[in-house]
Amino acid sequence: MNTQFKLHIPISKIDEEQRMVYGVATTESIDSQNDVVDYEASKIAFGDWLGNIREMHQPIAVGKNMSLEFDDANKQVIIGAKISESTDGENAWIKVKEGVLQGFSIGGAIKQISKEVVKDKQGNDQPVSRIVDYSLYEVSLVDTPAN
């Protein structure tokens, strides 16, 4: 199986002086597409990632990842991305500061999924697809985070 996927996470901090954007790149929460990205799979995928940051999943780099943290307690991956001073990066940076680009989204290829039922935030049973193995292609700054 080689299915494409995207997962959106909100930006948590902006450092204007350094042109850095910080936030959670992925977590084990249920997203709006009823997917859960397995934390252990993310640790492997992010270990192989080149660190490219794009805007809205377009094939143009607007920055580079500068920090990567695996938060085992909360099962999330936290990144710090430096946004380029290039024309494409500058446009993305302006959108981040204006709140147009509000979060991170991961993009890659699913290698393996499992179907399961988990509790949602209200405590209800929710059928989901758990992504248990994937290749991470990129992380994008996006306007509509889904997770």
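In the hairpin formed by E5 and E6, four residues lie between the strands, and lysine 75 adopts a positive phi near 50 degrees. The model is a predicted one, in which local features need pLDDT of at least 70 and side-chain atom pairs count only at pLDDT 80 or more, while totals for chains, interfaces and linings use all residues. Residues are numbered from 1 along each chain as its sequence is written, and side-chain values use heavy atoms, with hydrogens and water left out.

The protein chain contains two helices and eight strands, where helices (H or I, at least four residues) and strands (E, at least two) are DSSP runs numbered from the N terminus. Read from the N terminus, the order of the elements is β-β-β-α-β-β-β-α-β-β. The chain has 147 residues, of which 46% are buried; buried stands for under 20% relative accessible area, exposed for over 50%, and partly exposed for values in between (1.4 Å probe, protein chains only). The accessible surface of the protein chain is about 7,600 Å², and carbon and sulfur atoms contribute 47% of it, with areas taken from the Shrake-Rupley method with a 1.4 Å probe and, for residues, only the protein chains shown counting as cover. Among contacts with a separation of 6 or more, 69% are between residues 24 or more positions apart, a contact being heavy atoms within 4.5 Å.

Strands count as paired if DSSP finds at least two bridges between them. E6 runs antiparallel to strand E5 (residues 61-71), with eight bridges joining the two; here serine 67 has glycine 80 as its bridge partner. E6 also pairs with strand E2 (residues 20-27), again in the antiparallel sense, over seven bridges, and in this pairing glutamine 76 stands opposite threonine 27.

Leaving aside residues up to four places away in sequence, the contacts of valine 139 include Phe46, Trp49, Ile53, Ile79 and Ile106.

Charged pairs complete the picture. Nine salt bridges are counted (a side-chain nitrogen of Lys or Arg within 4 Å of a carboxyl oxygen of Asp or Glu). One of these joins glutamate 55 and lysine 95, whose closest N and O atoms are 2.7 Å apart. Glutamate 55 belongs to strand E4 (residues 52-55) and lysine 95 to helix H2, so this pair ties together parts that are 40 residues apart in sequence. Glutamate 55 is buried at 14% relative accessible area, whereas lysine 95 is partly exposed at 29%. Arginine 130 and glutamate 116 form another salt bridge, at 3.0 Å between the closest N and O atoms.
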